Amino acid sequence: MSTIRKLTHGLSKKYIINTILSPLVMIGEVVMEVIIPFIMARIIDVGIAGKDLPFVARYGAIMIGLAVISLTCGMLGTLFSTVAAQGFACTLRQRLYQKIQSFSFANIDRFSTASLVTRLTTDVNMAQNVYRMVIHMCVRSPFMLIAGTIMAFRMNSQLALLFLIAIPVIVISILIISNLAHPRFMAMLKKFDALNAAIQENLIGIRIVKAYVRGDFEEKKFRKAADDVRRAQVHAEKLIIFMMPIMQLVMYLSMIAVMWFGGRLVVGGTMLSGELISFFTYVTQVLSSVMMLGMFFVSFVMVQASNQRIVEVLDEVPDITNPEKPVMEVRDGSVIFDKVDFAYGKREDNCILKDINLEIKSGQVVGIIGSTGSSKTSLVSLLPRLYDVLKGSVKIGGVDVRDYDITVLRDSVAMVLQKNVLFSGTIKENLRWGNAEATDEEIIAACKAADADSFISSFPEGYDTMLGQGGVNVSGGQKQRLCIARALLKNPKILILDDSTSAVDTATEGRIRGALKELAPETTKIIIAQRISSVKDADMIVVLDEGSISGIGKHDELLKSNHIYREVFESQQQGSGDADLAEEAEGGNA
């Protein structure tokens with residue numbers, strides 16, 4: 001499939017009709033514009049020369065009528081091309097967004113978020129502009145070029161040869177400049193990606209920037225990224241700017257030649273003055289058409305880089321897809337990791353999880369402890385197939401996760417991630433991400449389990465309180481509790497809490513754990529935590545160390561048998577002075 005077919009695939013019938021109508025009515029405009037100079041020549045050479053006022057009036061009225069038709073066709077052509085181009089851009093953005101939604105985390109990592117934003121905005125805008133130019137000019141200009149040349153040759157073939165010499169000069173210039181400019185525009189768009197990344201990073205982390213008084217540093221970084229874009233754009237466009245002067249120079253030289261030799265023919269009596277004026281109009285039409293085609297080729301060169309980047313996204317094959325005959329039901333929340341190896345980018349020489357063997361029974365509460373970088377989040381990300389294993393298998397309900405329908409699998413696994421994300425809208429709308437059909441009673445029950453109902457009820461608007469982008473108008477602890485409630489509304493077989501109570505106090509965390517146990521007793525709960533107090537009552541605790549399992553057992557067992565767990569426990573005990581933990585330690589050592 002060609003690039004054009006890939007870009008226009010899925011265009012609705014309405015926009016296809018507009019795409020076809022635009023060049024058709026533009027042909028009508030060209031026909032009128034080509035006839036008008038011929039009528040004008042008749043008015044000058046017959047009506048005015050013969051002082052025949054009725055002839056002048058009659059042909060003048062015809063010329064005005066043709067001008068009105070030409071104007072109408074031009075307006076309709078612009079309308080049709082604008083509607084078609086807007087529809088093309090809308091359809092293309094929807095396809096890109098839909099494709100991105102099918103990407104695994106690994107696919108997104110390959111492009112980067114900033115680059116995908118640039119492709120959805122800047123690149124699509126450039127493709128839209130050129131699409132409009134194609135259907136508006138790429139029929140009109142060639143048709144005008146052919147029709148004007150024919151009429152010019154009918155009037156005087158020798159004089160017509162003068163301006164035809166200009167055409168190959170312009171075409172050769174366009175081809176040379178276009179070939180040199182393409183790689184420069186590719187480099188420019190990569191600089192746009194870097195600029196978008198700098199903006200995105202700064203705006204998302206604006207509170208950290210202000211807290212660390214790094215505004216000047218970030219401003220310098222942004223200025224450098226913006227200056228890189230400027231220099232890349234100048235480097236690319238300084239070639240393109242030569243195009244117009246070259247075309248104008250050739251066009252004006254051709255006009256001067258036509259005036260000179262045409263004037264001599266009029267003086268010599270071999271050509272009428274009206275014919276020369278009309279011929280000059282045809283020359284202007286032909287050379288203007290060549291210039292318009294030149295401008296189109298310049299734009300086409302510029303958009304080639306954008307088209308290539310858009311097609312890269314459309315052609316990207318998602319790493320994670322549904323099997324041919326997917327399993328459509330998750331039986332229970334039991335989990336088995338069988339000799340699992342995992343590496344980002346599927347690099348076997350850089351495995352971050354190695355030989356993981358773990359069995360979790362349905363309904364168990366499992367804690368995962370480990371130092372920063374021990375791949376705790378990577379381990380649980382394999383359950384909903386955010387990534388696929390490199391070796392081995394992960395099974396849920398006795399079935400390999402790769403055999404499930406992806407939607408069914410992910411509906412059965414709820415994750416509350418380290419970075420809690422809320423969206424613009426009301427609290428209730430955010431909670432219904434977990435279950436679009438949830439009743440108000442179910443929402444309140446989930447919020448009570450997550451210890452969120454009390455602070456929600458304190459807001460004047462209650463559950464209809466509007467949240468800013470990312471939940472900026474609630475605290476970190478409130479955001480975490482809302483995300484836990486949202487996950488509970490899914491009624492999942494497996495609930496993963498990835499350090500999701502780090503922003504709440506231990507008393508609140510204890511209430512949440514108790515409510516979870518009561519509300520979802522059959523749900524398998526996997527808790528990743530830094531605090532041992534968060535997992536000490538779990539049915540099983542897994543200790544990870546540099547991507548491998550260092551120990552498995554209950555709190556008391558690990559205190560005796562696992563030095564990593566014991567060191568973490570002792571450091572937290574010394575840091576917090578937790579009397580309960582101290583008593584338990586003494587009991588374990590007795």
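Predicted model: local features only at pLDDT ≥ 70, side-chain atom pairs only at ≥ 80, totals over all residues.
Local features here need pLDDT of at least 70 and side-chain atom pairs count only at pLDDT 80 or more, while totals for chains, interfaces and linings use all residues. Residues are numbered from 1 along each chain as its sequence is written, and side-chain values use heavy atoms, with hydrogens and water left out.

Q: What radius of gyration does the chain have?
A: Take C-alpha atoms, and the globule rule of 2.2 Å times the number of residues to the power 0.38. For 590 residues, a compact globule would come out near 25 Å. The C-alpha box along the principal axes is roughly 125 × 50 × 50 Å. The chain's own value is 35 Å.

Q: What percentage of the residues count as buried?
A: Buried means under 20% relative accessible area with a 1.4 Å probe, protein chains only. Applied to the 590 residues of the chain, that gives 48%.

Q: Which strands sit at the edges of the open sheet of 4 strands?
A: Strands are DSSP runs of E, at least two residues, numbered from the N terminus, and two of them pair if DSSP finds at least two bridges between them. The order is β2-β1-β4-β5, with antiparallel pairing. Those pairing on one side only are β2 (353-360) and β5 (399-400).

Definitions and conventions:
Buried < 20%, exposed > 50% of the residue type's maximum accessible area, 1.4 Å probe, protein only.
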